[in-house]
Amino acid sequence: MVREPVYRVDIQRGHCYLERLTDGSILLRDPSTDVKYSYSVDQLKAYHAFDRELRNGKVNGTSAVPGGYPGFQQMWNEDPDCAWGFTEWDDEQFKVVLHGAAVPYRLLIPHTEEKPERPNDEFLHRLAILTAKRAVVQADFQERKKQDRLRQKQSFAQTGLLGQPSSSSRNKRARTYRHRSAPEYEEEDAEGEVYDEQEEREAEEQDGGESNHEAIAATATEEGELMRA
């Protein structure tokens, strides 16, 4: 994320010797010499806080004065048409001299907003390639899984095993035939067929799932390398 300064109503509109820079700092021109002095955002914050303390009577002979404040305050107050001023501090007589209303904080200090960085063209190109590769891997997996199911069905049909109960089921029913009636035999055969088909589906899903996990893991590794880049 990128933090950019945002100005509601810029202070330079109300001060004829002030110029705002793109990073939020300002330039003040001394009308007597035409020399421009720069003040960073941190300096402006310190000056605004000190002006507030002066106006609230919280400054005395032992208070620390921010570096450069006297010169800044004097140049700021050179514009007679500016509606706002910075308070003068007489460090010899310890007096406060007001010069206009306090400068609104939001006018002096621009607030910042987070804006997402725009991805570069190379990142977008690599991301498009990775997305296409993932789609190919998924399509190939689905096709192989489909072909495996078809081959298994053909194999069962050729060997005559399709729909036949497993050996374990046949042995189990052989041991219980003597104790059951004909309807019970038919019900047991149907259950055996369902059980065998379920075994076949589970085996197919297990084989296909392992292949899919490997393909997805390879693609995920490439995604991780792309994000780190």
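Which residues do ring pairs link into a cluster? In this predicted model, the cluster consists of Y39, Y47, F50, Y69, F72, W76 and F86. The surroundings of these residues are described below, beginning with the chain as a whole.

The chain contains six helices and seven strands. Read from the N terminus, the elements follow the order β-β-β-β-α-α-β-β-α-β-α-α-α. Of the 229 residues in the chain, 24% are buried. Among contacts with a separation of 6 or more, 53% are between residues 24 or more positions apart.

Three of the strands form an open sheet in the order β2-β3-β4, and their pairing is antiparallel. Strands β2 (18–20) and β4 (36–39) stand at the edges with a single partner strand each, so one side of each has no neighbour in the sheet. On average, neighbouring strands of the sheet are turned by 25° against each other, when direction is ignored. Three bridges connect β2 and β3 in the antiparallel sense, and E19 has L27 in β3 as its bridge partner. Helix α1 packs on the sheet and touches β2, β3 and β4, with its direction at about 85° to that of β4. Helix α2 also packs on the sheet, where it touches β2, β3 and β4; the direction of α2 makes about 70° with that of β3.

Within β4, K36 stands opposite R29. The hairpin of β3 and β4 has six residues between the strands, and D34 in this hairpin takes a positive phi near 65°.

Helix α1 covers residues 41–55, which is 15 residues. From the first C-alpha to the last, α1 reaches 21 Å, close to the 21 Å expected at 1.5 Å a residue. The buried residues of α1 are V41, L44, Y47, H48, F50, D51 and L54. Just after this helix, G57 has a positive phi of about 70°.

In soluble globular proteins, nonpolar side chains tend to be buried together. In the model, the largest nonpolar core has 22 residues, of which I26, L28, Y39, F72, W76 and F86 touch the most other members. At least two residues of this core are supplied by each of β3 (26–29), α1, α2 (69–76) and α3 (105–108). Helix α1 provides the largest share, five residues.

A pair of aromatic rings is described by the distance of the centres and the angle of the planes. Ten aromatic pairs are found in a search of the whole structure. In one of them, the rings of F50 and Y69 have centres 4.9 Å apart and planes at 75°, so this pair is edge-to-face. Because F50 lies in helix α1 and Y69 in helix α2, the pair ties together parts that are 19 residues apart in sequence. F50 and Y69 are both buried. The aromatic pair of W76 and F86 is edge-to-face as well, with 5.1 Å from centre to centre and 80° between the planes. W76 lies in helix α2 and F86 in the loop between α2 and β5 (88–90), so this pair ties together parts that are ten residues apart in sequence. Both W76 and F86 are buried.

The loop between α2 and β5 also holds T87. The relative accessibility of T87 is 0%, and T87 therefore counts as buried. With neighbours within four places in sequence left aside, T87 is in contact with D51, L54, R55, Y69, Q73, V96, V97 and L98.

Terms used. Residues are numbered from 1 along each chain as its sequence is written. Side-chain values use heavy atoms; hydrogens and water are left out. Helices (H or I, at least four residues) and strands (E, at least two) are DSSP runs, numbered from the N terminus. The expected span of a helix is 1.5 Å times one less than its number of residues. Buried means under 20% relative accessible area, exposed over 50%, partly exposed in between (1.4 Å probe, protein chains only). A nonpolar core is a set of buried Ala, Val, Leu, Ile, Met, Phe, Trp, Tyr and Cys residues joined through side-chain atoms within 4.5 Å. Rings of Phe, Tyr and Trp (its six-membered ring) pair if their centres lie within 6.5 Å; planes under 30 degrees apart count as stacked, over 60 as edge-to-face and the rest as tilted. Two strands pair if DSSP finds at least two bridges between them. Axes are lines fitted to C-alpha atoms, for helices over the stretch in contact, and angles run from 0 to 180 degrees between N-to-C directions. Contact means heavy atoms within 4.5 Å.
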